[in-house]
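This briefing is meant to be read beside the sequence and the 3D view. Please keep both open while going through the points.

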Amino acid sequence: MASMAAEFALISSGLDFKKRVFNVPISSPLKLGFKHRLNCQVTKSLLQEELRFDVVKEIELRENGFLGMRKTKLVCTVGPACCSGDELEKLALGGMNVARLNMYHNTIEWHQDVIRKIKNLNQENGFCVSVMIDTEGSQIHVLDHGASTSVKAEEGSVWIFTTEKFEGYRPFTVKANYKAFNKGVQEGDELVVDGGMATFEVIERIGNDLRCKCTDRGLLLPHAKFSFWRNGKLVEKDLELPTFSEKDWSDIEFGISEGVDFIALSFVKDAAAVKHLKDYLLTKNKSVKVLAKIESLESLKNLEEIVEASDGIMVARGDLGVEIPLEQVPTVQEDIINLCRQLNKPVIIASQLLESMIEYPTPTRAEVADVSEAVRQRADALMLSGESAMGLYGQKAISVLRMASARMEQSGREVNRHSSLPRIGESLPDQIAEQICNCACHMANKLEVDAILVYTMHGQMASLLSRNRPNPPIFAFTNKSSTRMALTLEWGVVPIAFDLTDDMDANVSKTTQLMKAKGMMKQGDVILVVSDVIPMSIYQALQVVVVK
């Protein structure tokens, strides 16, 4: 953005860019007209121009209009229940913006097959679904009882938690993945499984193993997470383990070779690991975005530096809820969302959104309220985990997310307030671009424009517009595939592939006429145009602010 120049214009119809304000072109009013029989004359060559619009968003716009378009993005975890081409297409039609692959499960060949199916759907069927891989990370807080399904722990039963390696299932025995898992643990401490699914009291230390009595009965799921508590507080451990395992690096290399769009980094403790991975990706000349998962008490302590270093955040509430008191999870979630918005980083709310829909076709009302609250807090995206990966009703689950988020967004527009955001730009050109986007969104809301059109090379202007959470949708035209896929995670942004030129008059004229020809604009629509692709020097960019 150092050499970025920005332009914005309010358009109501016919294009005339001869008039300028503060040395920035601004159009005179005209009408963008569309009827079933087009009144405008669109040349044959123009109709042949390719406007690569996501087919789902195109349908949504035609059916619901600009203000009826969903802003919150949807992430679906792909698993055995939805890995076929047909099932993936159904999720894409249902509104999936990002497909997540958990590298802890399945083989490399399986993941490769899914990635290629998604890319084929994008190419052949006109979807715009990006791909995220989620690294396995350290599994020191994972237990495995060896059974293929959940195992019930009854109150009063005595269990051995061991570091011994064995195959299959042993009654009342659970394997821990890390030899020093009981470091610092005392008799009388509580061992809490999956944030409270079952609770045990430590009654004896036996070398590296623990003998425990079940105090709260419950289910032990395969690969369950655990934590130790003493007097109502988490027993913290300084294990100084690396964030990346050998398998993580192998998975990262695989993701790079397959052209994934996002890498979600598990068990991030501080900014160093994020910076290390981003520096490594630069040596590969790859534009893969790095997301940090917030899932531990340690990551909360270093939250701001992690958010600043990353390209986005995933709030893994399930794992996080194992390490902090459950009553703190809602406020921590809101604090993370607010910080991410202030620092202009997309944030995903994950884990247990519609957990009951793994088995049942209808969610609980409390789950719908939870989803709506995340939308009200203006999170960029909501994520399905087991609901889509192994659940019986994945398509219904994404439908619930889509409908609940759309309804809450509508309510949010009715009480929309223009909140003051802190300045994040460091250089003067960055600050200029930031202020233009702030003002553009404020103007869009005040004038009740129908849409914001942004023409962007690297997506930063689209991201700055999204940060303001404006009422109208943001259509981001870009000629870079990596930019388009990165913007799939940004709130309210509809990324569109288009061959941009240095001629802004031509860019706006072609895209608006193409949208008219496709039936996505109608007579009387008012749009706001923002651009960062005008070739101008830094000095001229500064003139946007200083010339009076």
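A residue is called buried when its relative accessible area is under 20%, exposed when that area is over 50%, and partly exposed in between, using a 1.4 Å probe and protein chains only. The model is predicted, so local features need pLDDT of at least 70 and side-chain atom pairs count only at pLDDT 80 or more, while totals for chains, interfaces and linings use all residues. Residues are numbered from 1 along each chain as its sequence is written, and side-chain values use heavy atoms, with hydrogens and water left out. Helices (H or I, at least four residues) and strands (E, at least two) are DSSP runs numbered from the N terminus.

**The barrel**

- Eight strands, in the order β4-β5-β6-β17-β18-β19-β20-β21, close into a barrel with parallel pairing, where two strands count as paired if DSSP finds at least two bridges between them.
- Neighbouring strands of this sheet are turned against each other by 25 degrees on average, with direction ignored; axes here are lines fitted to C-alpha atoms, for helices over the stretch in contact, and angles run from 0 to 180 degrees between N-to-C directions.
- Strand β4 (residues 73-77) pairs with strand β5 (residues 98-102) in the parallel sense over three bridges, and V75 has V98 in β5 as its bridge partner.
- Helix α4 (residues 108-125) packs on the sheet, where it touches β5 and β6 (130-134), and its direction makes about 175 degrees with that of β5; contact means heavy atoms within 4.5 Å.

**Strand β19 and G312**

- G312 lies in strand β19 (residues 312-316), and its relative accessible area of 0% makes G312 buried.
- Because five of the five residues of β19 are buried, this strand is largely enclosed by the rest of the structure.
- From β19, G312, M314 and A316 point one way, whereas I313 and V315 point the other way, and all are buried.
- Strand β18 (residues 289-294) runs parallel to β19 and is joined to it by four bridges, with L291 having G312 as its bridge partner in β19.
- Four bridges also join β19 to strand β20 (residues 347-350), again in parallel, and V315 stands opposite I349 in β20.
- Leaving aside residues up to four places away in sequence, G312 touches V290, L291, A292, K345 and P346.
- The C-alpha atoms of G312 and K289 are separated by 7.8 Å, although the two residues are 23 residues apart along the chain.

**Salt bridges**

- Side chains of opposite charge can pair when their charged atoms come close.
- A salt bridge is taken here as a side-chain nitrogen of Lys or Arg within 4 Å of a carboxyl oxygen of Asp or Glu, and by this rule the count comes to 24 salt bridges.
- R52 forms a salt bridge with D499, with the closest N and O atoms 3.6 Å apart; this pair links distant parts of the chain, 447 residues apart, since R52 is in the loop between α1 (44-47) and α2 (55-64) and D499 is in the loop between β24 (493-497) and α17 (504-517).
- Both partners are partly exposed, R52 with a relative accessible area of 25% and D499 at 49% relative accessibility.
- R62 and E58 form a salt bridge whose closest N and O atoms are 2.8 Å apart, and because these residues are four residues apart in helix α2, they are separated by about one helical turn.
- In this pair R62 is partly exposed at a relative accessible area of 44%, whereas E58 counts as buried at 12% relative accessibility.
- The side chains of E87 and K90 meet in a salt bridge (3.6 Å, N to O), and being three residues apart in helix α3 (residues 85-94), E87 and K90 are separated by about one helical turn.
- E87 is partly exposed with a relative accessible area of 24%, and K90 is partly exposed with 40%.
- Salt bridges that share partners join R100, D134 and K293 into one network.

**A nonpolar surface patch**

- M197, L219 and L221 make a nonpolar surface patch of about 220 Å²; patches are made of residues with over 30% relative accessible area and no salt bridge, with like charges joined within 9 Å and nonpolar side chains (Val, Leu, Ile, Met, Phe, Trp, Tyr) within 5 Å.
- Accessible areas come from the Shrake-Rupley method with a 1.4 Å probe, and for residues only the protein chains shown count as cover.
- L219 is placed in strand β14 (residues 218-220) and is partly exposed, with a relative accessible area of 35%.
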